[in-house]
Amino acid sequence: MTVMTAPPSDKAAIVDVKFPHKALVERLSPGGRYIDAATDVDSPWVPFGDNAAIKHLAFDVRQNLFSNILWVKAPGVIGTHFHRGTITMVCLEGSVRYLEYDWVATPGGLILETPGESHTLVTDHPQGCKLFGWMQGPIDFYDEDANLIDTTDVWWFINHYETYCREHGIAINPKLYL
Amino acid sequence: MASMKAPPSSAYEIVQVPELYGDLIRARGVEGTYVGAGEAESPWVPFGDNAAIRHLAFDVRENVYVNILWIKGPGVIGTHKHRGRVWAIGLEGSFRYLEYDWVCKPGEFITETPGTAHTLVTDDPNGMKALFHMQGANEFFDAEGNHVETLDVWWFMNHYETYCRENGIAINKQLYL
């Protein structure tokens, strides 16, 4: 069996790691953070069409990276879209599939998507689905005739969040901005 | 002055680095690449009448592409918008963007960030060469601001492979990360 060479520790105590550039990190690192994704305290559900909502969790404008939970509330579709970045998603509730693939994602399942793929998201589950996503780069959306209609990226997602906050008197949460 | 703690070494010899996962790395890791300066290793592929691109790397997992852009005389690369990030270093001649007040000359370094759109111009009689490391989509527009085409790693790979096919040049695997 493989064992980790780091000594096992059952001591709930902070070890002072002697990283020599701590002052630099303190001055310049955006810092890790915790975002409460289970409630609306850190980030509200922002409507996305009639049957869906998005809870925005993180924005990184340097990498065009955005993280959120997509909630499709009942059986429905997110139309065909094309990715130019890499997507990591975890199914949290319900189930979801793509018309292009033969699998169905259920809670706990992991979905990876790579640049150059296009696909059509469908949930057949009576309660729809909730999907946690960690996404990089633009997503191109098309109409039925394959005309490009809209390209969403970190700016679209920030605007989606901020517009809703402004319209509902909700304070912008600086924690969402990496 | 800050100094490195690693001992200075003047020995021309490989030190065996302890590696717990050497077998795994050899079996599943990806080797670094080397692309020499010659056209046999990567040709100048025409990009319009006044420019050429020398492709150096494609990473389809990250939508990353690295190349040298050569504009052969005074000219323009029309307004385009980035949705990923760009790092570049000037190699020859000079270039600037109509949107900014700097001019990038050999040895000088620039970055471009997601969301920025700009228009590349070279006024140098000999044009310019610069190394670009780009991630993600690169959108081009016509004079009325209509979106015309989006370039990404697949476009650049196709640009390289089409030219190689048409000219009987072997595809260089070193370009594919």
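Contact here means that the C-beta atoms of two residues, placed from the backbone, lie within 7 Å. Helices (H or I, at least four residues) and strands (E, at least two) are DSSP runs, numbered from the N terminus. This is a predicted model, in which local features need pLDDT of at least 70, side-chain atom pairs count only at pLDDT 80 or more, and totals for chains, interfaces and linings use all residues. Residues are numbered from 1 along each chain as its sequence is written, while chains are lettered from A and ligands numbered from 1 in the order in which they are written.

**Confidence**

- Chain B has a mean pLDDT of 95, and 100% of its residues reach 70 or more; pLDDT is the predictor's confidence in each residue, from 0 to 100.
- For the complex, the predictor gives an ipTM of 0.81 and a pTM of 0.88.

**Chain B overall**

- Chain B contains 2 helices and 12 strands.
- Along the sequence, the pattern is α-β-β-β-β-β-β-β-β-β-β-β-β-α.
- Along the principal axes, the C-alpha atoms of chain B fill a box of roughly 60 × 50 × 30 Å.
- Of the 177 residues in chain B, 23% are buried. A residue is buried if 20 or more other C-beta atoms lie within 10 Å of its own, exposed if 12 or fewer, and partly exposed in between, with C-beta atoms placed from the backbone.
- Among contacts in chain B with a separation of 6 or more, 64% join residues 24 or more positions apart.

**Helix α2 of chain B**

- Helix α2(B) covers residues 153-166, and its 14 residues should span 20 Å at 1.5 Å a residue; the end C-alpha atoms are 20 Å apart, which agrees. The expected span is 1.5 Å times one less than the number of residues.
- Val153(B), Phe156(B) and Tyr160(B) are the buried residues of α2(B). They cover an arc of only 80° around the axis, which puts them on the same side of α2(B). The arc is that of the directions from the helix axis to the C-beta atoms.
- Asn158(B), Thr162(B), Arg165(B) and Glu166(B) are exposed on the other side of α2(B).

**Sheet of chain B**

- An open sheet of 6 strands runs in the order β1-β2-β3-β10-β5-β8 in chain B, with antiparallel pairing. β1 and β8 (109-112) of chain B are at the edges with a single partner strand each, so one side of each is left without a neighbour in the sheet.
- Strands pair if DSSP finds at least two bridges between them; β2(B) and β3(B) pair in the antiparallel sense over 8 bridges.
- Phe58(B) stands opposite Tyr65(B) in β3(B).

- Asn63(B), not a glycine, has a positive phi of about 55°. Asn63(B) lies in the loop between β2 and β3 of chain B and is buried, with 27 other C-beta atoms within 10 Å.
- Ala146(A), also not a glycine, has a positive phi of about 65°. Ala146(A) sits in the loop between β11 (139-142) and β12 (148-152) of chain A and is exposed, with 9 other C-beta atoms within 10 Å.

**Contact between the chains**

- Chain B gives 15 residues to the contact, and chain A gives 15 residues.
- On the side of chain B that touches chain A, 5 residues are nonpolar, 5 polar and 5 charged. Ala, Val, Leu, Ile, Met, Phe, Trp, Tyr, Cys and Pro count as nonpolar, Asp, Glu, Lys and Arg as charged, and the others, Gly among them, as polar.
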